[in-house]
Each structure stands twice: as structure tokens, then as C-alpha cells.
Amino acid sequence: MTRTRTLSAVAASAAALLAGTSLTAADAASNSYVALGDSYSAGVGTKSKVDSCYRSTFGYPALIAAAKGLALNYQACSGATVADVQNNQLGALNSTTGYVSITIGGNDVGFASVLTECAKPAWMSDCQTKINGGLNILRGQMPARYDSLFSSIRSKAPNAKVVVASYPRIFNGEDCNALTWFSPQEQTSLNSATDELDTLLLGKATSRGFGTVDVRSSFNTHRVCDTTEWINGLSYPIEESYHPNRAGNQSYAALVAPKLVGSTLRTSTASTSDSARTGAQPATEPPFSLTSPESIAGAKKVGINPAELKRLDADLRSGDGVRVQSATKRVKQLDAMAEAKLRS
């Protein structure tokens with residue numbers, strides 16, 4: 001496998017390529033690769049942040065560029081919405097752009113805020129309402145946003161091969177993370193919302209004549225809490241959470257490369273295994289407080305003693321593995337009890 005280059009080296013090669021007077025426009029187009037999109041394109045989750053956008057040498061566009069000798073212009077940025085791509089990233093496209101890849105839309109429908117809400121115990125969260133809010137945006141606004149974005153990409157890069165990649169389903173029905181409380185029903189709803197987003201994203205890409213890659217089946221046995229995870233669970237730092245790790249990005253690269261450049265991307269079993277072990281570290285403290293006014297008020301409504309929550313919150317933040325494990329088990333019991341009461 002071709003050795004991965006640093007982002008600076010990739011950028012330098014791109015600049016040299018496009019500045020070279022001996023190259024024709026067709027030559028430049030054959031090598032110029034612009035990676036657009038959000039955190040899933042930038043490489044969040046690989047524990048290799050190099051700038052404020054979290055562009056990573058282990059992100060799938062960088063892996064493809066390094067393996068195929070493409071001159072990468074890495075525009076993808078963590079947190080980007082469709083509007084951000086249009087306003088801040090499309091300036092990299094022109095008639096000499098040969099290849100474009102993109103994953104986009106999750107931030108438009110509130111990916112991070114929805115997961116944050118649904119990770120809380122049932123008595124302090126309103127997961128389904130948050131999901132429904134994202135679905136309202138998806139159904140009411142995203143069709144037009146995708147139409148506008150994809151039209152702009154084709155207009156600015158008329159000669160490029162464009163490939164749009166989907167998002168994976170994150171959950172497998174189990175919550176093995178010590179500091180989150182996703183119920184099976186919430187996980188099903190979140191996966192279903194991902195499916196609806198992917199259906200729209202890939203459908204709009206196909207109607208524009210772009211190539212598409214649906215990663216869901218490849219990730220189906222590598223979700224959070226599967227034996228071999230390609231997606232991080234709750235992690236430290238928090239931005240690494242619920243994004244593909246290095247093995248996940250290798251999978252993206254292997255799936256996108258044939259559609260983008262027409263040839264496979266070889267990755268070794270050893271490198272994939274190593275990548276799985278070099279993902280983000282598990283979070284050591286819950287990202288919210290069980291003793292917040294929101295939590296206490298919700299707990300009282302379902303008959304949970306606030307004094308017990310204060311003890312459990314202290315145990316979860318203690319750093320003592322035994323106390324954390326015991327507190328996690330008890331909070332999961334309370335979560336299930338609260339959810340049953342709220343559903344009744």
C-alpha cells in the first residue's frame with residue numbers, strides 16, 4: 001500500500017500540479033481531487049486532528065489521494081452544513097477538477113445535538129422530539145438544499161467525476177458505553193432517521209448523474225458496540241464520538257475509490273486491525289450532569305430519588321472503575337424504569 005502522505009505534502013503536490021506550465025488542462029483534470037463535506041469527510045474520529053476543521057491524513061479522501069497519486073485539495077470541515085459547503089468550499093472547484101467526493105447533510109438535521117439529547121437518561125431527555133425536529137428539516141428543506149448544492153458542484157466542476165457517500169447506521173441495538181443511555185427504541189429511531197437521510201442524499205445525487213456509495217451494509221457488523229467497531233462510541237475528546245475511526249475511514253476509502261477513480265484500493269488486514277485499536281479513547285466522565293436542575297426535575301416526575309442521583313453522579317465522575325461500573329448499571333436500570341413510565 002502506498003505510504004500515506006502528510007496533508008502539507010498533499011497540498012504541496014496539488015499546488016505544483018496546478019501551477020506546472022508543462023501540464024495541459026486535461027492532465028490537471030486527471031489528477032486534481034477536491035474533497036468536500038463535513039466531519040465524516042474530514043476524518044473526525046481518527047484521533048489525528050491537524051487543524052481547526054479536523055482534516056486528517058487518515059480521513060478517507062486523504063487515503064484515496066495518497067494511494068492513487070491524486071493531488072488533493074482538502075476542503076471538508078467538521079461541522080459543515082450544505083450552506084457552508086456552498087459558501088466556503090466550492091471555490092476550490094473549476095474546469096480542471098478531475099475528482100470530487102462529498103458526504104454532507106448530517107449537520108443540517110442536527111446530528112450532534114440529537115445524539116447529545118438521546119444519550120441522556122430518559123427522565124432528562126426528549127429524544128424523539130429532537131429526532132422529529134431533524135426529520136422536519138430533512139423532509140421540508142433538504143431536498144431543495146441538495147438540489148442547489150449538486151447543481152453548483154456540476155456547474156463549477158463540469159468535467160469532474162463526482163461521488164457522494166452516505167452515512168452509516170451507528171447503533172446495533174446495544175448500549176455498551178459506560179456513560180450513555182440510548183434505549184433500543186431510541187437506537188432504532190436514530191438508525192431509521194439515518195436511513196431516511198441517506199435515501200434522500202443518494203437519490204438526489206443519482207438524479208444529478210453523480211456516482212454514489214452506500215456504506216451502510218459494509219458497516220452493519222461494525223457499528224458502535226459490535227465486536228470490531230468502525231465507529232467510535234462516546235469518546236474523549238468528545239468531538240471524536242460517533243464518527244468512523246481509522247478502520248472505518250479505510251472502509252470508506254475502499255468503497256469510494258472504485259466509484260471515483262475506477263480501481264480498487266488495497267488495504268491490508270493488519271493495517272485495518274491496527275486502525276481499529278488507534279481510535280478515540282473512551283470518555284471518562286458523562287457529558288452531562290445527573291444533578292442538573294433538568295435531571296432532578298425529570299427524576300422527581302418518575303419517582304426517582306434526587307439523593308440517589310447525586311450519589312450516582314459522584315460515582316460516575318470518581319475515576320474508580322468499580323464505582324463507575326456499578327453506577328452505570330444502576331443508571332441503566334433507572335433509565336429503563338423511567339422510559340417505561342413515560343411510555344405508559
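Lysine 47 counts as partly exposed, at 39% relative accessibility. On this scale, buried means under 20% relative accessible area, exposed means over 50%, and partly exposed lies in between (1.4 Å probe, protein chains only). Lysine 47 is found in the loop between helix 3 and helix 4. Helices (H or I, at least four residues) and strands (E, at least two) are DSSP runs, numbered from the N terminus.

Before going further, a word on the model itself. It is predicted: local features need pLDDT of at least 70 and side-chain atom pairs count only at pLDDT 80 or more, while totals for chains, interfaces and linings use all residues. Residues are numbered from 1 along each chain as its sequence is written, and side-chain values use heavy atoms, with hydrogens and water left out.

**The chain as a whole**

The protein chain has 15 helices and 7 strands. Of its 344 residues, 53% are buried. Contact means heavy atoms within 4.5 Å. Among contacts between residues at least 6 apart in sequence, 75% join residues at least 24 apart.

Most residues other than glycine have a negative phi, and most peptide bonds are trans.

| Residue | Phi |
|---|---|
| Lysine 47 | positive, about 55 degrees |
| Glycine 69 | positive, about 70 degrees |
| Cysteine 225 | positive, about 80 degrees |

Cysteine 225 sits in the loop between helix 10 (216-219) and strand 6. Is cysteine 225 buried or exposed? Cysteine 225 is buried, with a relative accessible area of 11%. There is also a cis peptide bond, from tyrosine 236 to proline 237, with omega near -5 degrees. Proline 237 is placed in the loop between strand 6 (235-236) and helix 11.

**Rings that meet**

A pair of aromatic rings is described by the distance of the centres and the angle of the planes. Rings of Phe, Tyr and Trp (its six-membered ring) pair if their centres lie within 6.5 Å; planes under 30 degrees apart count as stacked, over 60 as edge-to-face and the rest as tilted. The structure holds 11 aromatic pairs. In one of them, the rings of tyrosine 40 and phenylalanine 111 have centres 6.0 Å apart and planes at 90 degrees, so this pair is edge-to-face. Tyrosine 40 belongs to helix 3 (residues 39-42) and phenylalanine 111 to helix 6 (residues 111-118), so the pair ties together parts that are 71 residues apart in sequence. Tyrosine 40 is buried, with a relative accessible area of 3%.

Tyrosine 146 and phenylalanine 150 form a stacked pair, with 5.6 Å from centre to centre and 15 degrees between the planes. These two residues lie in helix 8 (residues 142-156), 4 residues apart, about one turn of the helix. Both tyrosine 146 and phenylalanine 150 are buried. Elsewhere, Tyr60, Phe219, Trp230 and Tyr252 form one aromatic cluster.

A ring can also have a charge over it, if NZ of Lys or CZ of Arg is within 6 Å of the ring centre and within 35 degrees of the ring normal. Arginine 246 lies over the face of phenylalanine 58 in this way, at 3.8 Å from the ring centre.

**A covered helix**

How many of the 9 residues in helix 4 (residues 60-68) are buried? The count is 7, and helix 4 is mostly covered. The buried residues are Tyr60, Pro61, Ala62, Leu63, Ile64, Ala65 and Ala66. Their cover includes strand 1 (32-37), helix 3, strand 2, strand 3 (99-103), strand 4 (161-165) and helix 11 (246-261).

**Serine 78 and its partners**

Serine 78 is in the loop between strand 2 (71-74) and helix 5 (82-89). Serine 78 is partly exposed, with a relative accessible area of 33%. Which residues does serine 78 contact, leaving aside its neighbours within four places in sequence? They are Asp38, Ser39, Ala42, Val44, Cys53 and Tyr54. Serine 78 and glycine 37 are 41 residues apart in sequence and 8.1 Å apart in space, C-alpha to C-alpha.
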